[in-house]
Amino acid sequence: MALLIKGGEVVTAEGRSRSDIYVEGETIAAVGRKLCVAPGTEEIDATGKLIFPGFIDPHVHIHLPFMATFAKDTHATASQAALIGGTTTFIEMCCPSRNEDALEGYNTWKQKAEGNSACDYAFHMAVSRYDENTEGQLREIVRDGTASFKIFLAYKNFFGVNDEEMFHVLRLAAELGVITTAHCENAELVAQLQQQLLAEGKTGPEWHEPSRPEAVEAEGTSRFATFLEQTGAAGYVVHLSCAPALQAAVAAKLRGVRLSIESVLPHFLLDKSFAEREGIEGMKHVMSPPLRDKRNLSVLWDALQAGLIDTVGTDHCPFDVEQKLLGEGNFAQIPNGIGGIEDRVNLMYTYGVKRGRLDIHRFVDALSARPAKLFGLFPRKGTIAAGSDADLVIYDTDYRGNVSAAAQRSANDYNGFEGFSIEGRPSVVTVRGKVQVREGVFVGEPGRGRMLRREPQYGARKSVNAGGSDAR
Ligand code: URP
Ligand code: ZN
Ligand code: ZN
């Protein structure tokens, strides 16, 4: 089946042009004017609309056993929510706990996703323990097409790895040429500060941020960077939330450490006053790293515009009201996480591009092209060009609305961004040439999504203490 999208303005990370897009089967066959098309080609009129490459969310949690419960979405609900919001590919954190084998966990995650996702997907493989079996299993997982790892420096005794384990993971990653993503907070300091605050009777959600202050994240970021430097591995800091952590990451980049930076939707739009709200309203906004002091928000926007922050993800991780209440009377037991997969594109477009904080090409870069490049998906994904997958977002910049839990596809009973106005939304979304969304409604094939297999792309670089130069 062929498809012609006519009259729109194509916007990529590199530029914009008034062009038609001709799709044959699953891929883009041509981009230009007056294209020759086969008889019977279906046409979509995109006059007055922008056309973006399908957006990529590099950090989501769907199946997630965590903090005595499970994150709320299924692959069906999360992927349809993603598509309604213009995200056509997500990369899910595959997170087995410390008492599960890596390979066993990987197979569980793959089975959960297979046949249930409406959009394409890949995994980052979390390593939560490094024992005599781990290395062989990780090699097998990379051979299977999962070419990125994840480590948590936080969450002591659950997902968290110690420094010795981090060293082994990064040394193997450097050898295999895969990138390692990392949640950077000092687990021991968090554990001690939590105990101290609780012993003082400070139990509400407003104490979550003081239990993991900015310095604790800066230390984790700086330690991760040092380990990258000493192993020669490539790394990616996930959900960076504050100025001191940014300084640590940028200092590492400047001295040549192969480090990329992600910040996530909540940290651009919400500050710690949301988590300081009374009772359940505060609990809804507990995530880690925590929502920060307001002064950090403009620092993140500026760093994003300047390209110091490479990507914007969501860290989509919804828990409903009943689950959040597990932490009533003890902030350390509030399941950590906020959803966002349905709202990232519209909110970053509205509060970034429309408000003049973010250039439209940097917007496409940070939410689509750069994740594709960093994680081995480019140019199949992340751009609009002949030969690329026909993942397209026809965007209606005249749409006006508000974020509302009542209207969302994600399986949660609230939305952390409730009431935020949006100025634009996807009108039509395609996945590999098939229309999956029209005007905010999923109209597609629920199981269309495929797992994207990726090749390692971070060739060996000698660690600094070996005195080597870049061999990439
Ligand atoms: O609070 C968060 N971020 N929850 C999800 C797990 C993680 O740390 O990414
Ligand atoms: Zn995290
Ligand atoms: Zn996460």
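**View 1. Protein donors of the zinc ion (ligand 3): His59 (NE2), His61 (NE2) and Asp315 (OD), at 2.0 to 2.1 Å.** Donors here are N, O and S atoms within 2.8 Å of the metal (3.2 Å for Na, K and Ca), and with water not among the atoms, sites may look incomplete. This is a predicted model, where local features need pLDDT of at least 70, side-chain atom pairs need 80 or more, and totals for chains, interfaces and linings use all residues. Residues are numbered from 1 along each chain as its sequence is written, chains are lettered from A and ligands numbered from 1 in the order written, and side-chain values use heavy atoms, with hydrogens and water left out.

**View 2. The geometry of the zinc ion (ligand 3) site is irregular.** Along the sequence, the donor residues follow H-x1-H-x253-D. The other zinc ion shown, ligand 2, is 3.7 Å from ligand 3.

**View 3. Polar contacts of ligand 1 (N or O pairs within 3.5 Å).** A polar side-chain atom of Asp315 sits 2.6 Å from a ligand 1 nitrogen. For His61, a polar side-chain atom is 3.1 Å from a ligand 1 oxygen, while Ser288 brings a polar backbone atom to 2.8 Å from an oxygen of ligand 1.

**View 4. Residues surrounding ligand 1 (heavy atom within 4 Å) include Phe152, Tyr155, His183 and Met287.** Among the others are His239, Cys317, Asn336 and Gly337.

Conventions. A polar contact is a pair of N or O atoms within 3.5 Å; within protein, one must be able to donate a hydrogen and the other to accept it, and residues adjacent in sequence count only if both atoms are side-chain atoms. Four donors count as tetrahedral if all angles lie between 85 and 135 degrees; four count as square planar and six as octahedral if opposite donors are over 155 degrees apart and all others between 65 and 115; anything else is irregular.
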